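Hi there,

Here is the structure I promised to pass on to you. Please open it and keep it beside this email while you read my notes.

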Amino acid sequence: MLQTLLTRRSCRKFEERPVEAEKKEKLLQAAQLGPTGKNLRPWEFIVIEDPNTLKKLGDCRNPNQPFLPQTPLAIVVLGDTRKSDTWIEDGSIASVVMQLEAEKLGLGSCWVQIRARESNQGMGSEEFVRGLLGIPEYMGVLSIIAVGYPGETKPAHTLDEVDQGKIHWEKY
């Protein structure tokens with residue numbers, strides 16, 4: 001796992017080829033196998049591959065997210081606010097697990113924060129994505145995970161980046 005964390009980098013350039021069905025299935029399975037508060041599993045996912053919808057999703061943030069229209073696959077991570085008060089944490093875990101699985105499968109990924117952000121359409125990012133995709137009000141919109149075959153290579157992280165000064169033993 002440490003090696004995966006060292007090599008996984010946010011990818012904002014993707015090849016123009018689709019992600020295979022088996023890999024999409026593994027990403028979504030991995031996301032649903034992460035831990036959740038009280039095992040309530042409040043997350044749901046919207047899989048987006050339509051180029052027109054991906055183009056529109058590029059406007060979900062201010063400034064816009066120019067790589068979203070270029071990605072072959074975007075997975076919108078939602079949380080049922082009626083089901084759990086930890087939907088944000090649970091959805092965050094699912095988002096990260098999905099990104100780690102993407103790395104393992106040879107795919108690149110990038111988290112696009114939606115919750116508590118503004119779109120370039122004069123409204124909140126959640127409101128924009130909710131309207132575009134027909135998401136009910138009780139579903140919180142946490143993130144969009146862009147996924148595809150990397151069109152760029154970035155150097156791996158190193159253990160030198162681990163800041164021991166941020167680790168406290170027994171007391172702050």
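**What I found**

Arg 41 sits in the loop that links helix H2 (21-33) to strand E1 (43-48). Please keep in mind that this is a predicted model. The phi angle of Arg 41 is near 50°, a positive value in a residue other than glycine.

You will find Glu 170 in the segment after strand E4 (139-148). Its relative accessible area is 81%, so Glu 170 counts as exposed, the cut-off being over 50%.

Next, have a look at the peptide bond from Asn 62 to Pro 63: this bond is cis, with omega near 5°. Pro 63 belongs to the loop between helix H3 (51-57) and E2.

Why point these out? Most residues other than glycine have a negative phi, and most peptide bonds are trans.

Finally, Ser 84 is in the loop between strand E2 (73-80) and helix H4 (87-104). Its relative accessibility is 5%, so Ser 84 counts as buried, since buried means under 20%. Which residues does Ser 84 touch, leaving out those up to four places away in sequence? They are Leu 40, Pro 42 and Asp 90. The side chain of Ser 84 also makes a polar contact, at 2.8 Å, with the side chain of Thr 86.

Happy exploring, and write back with any questions!

How values were computed. Residues numbered from 1 in each chain as written. Predicted model: local features only at pLDDT ≥ 70, side-chain atom pairs only at ≥ 80, totals over all residues. Heavy atoms only, no water. Helix = DSSP H or I, 4+ residues; strand = E, 2+ residues; numbered from the N terminus. Buried < 20%, exposed > 50% of the residue type's maximum accessible area, 1.4 Å probe, protein only. Polar contact = N/O pair within 3.5 Å; in protein donor to acceptor, adjacent residues only side chain to side chain. Contact = heavy atoms within 4.5 Å.
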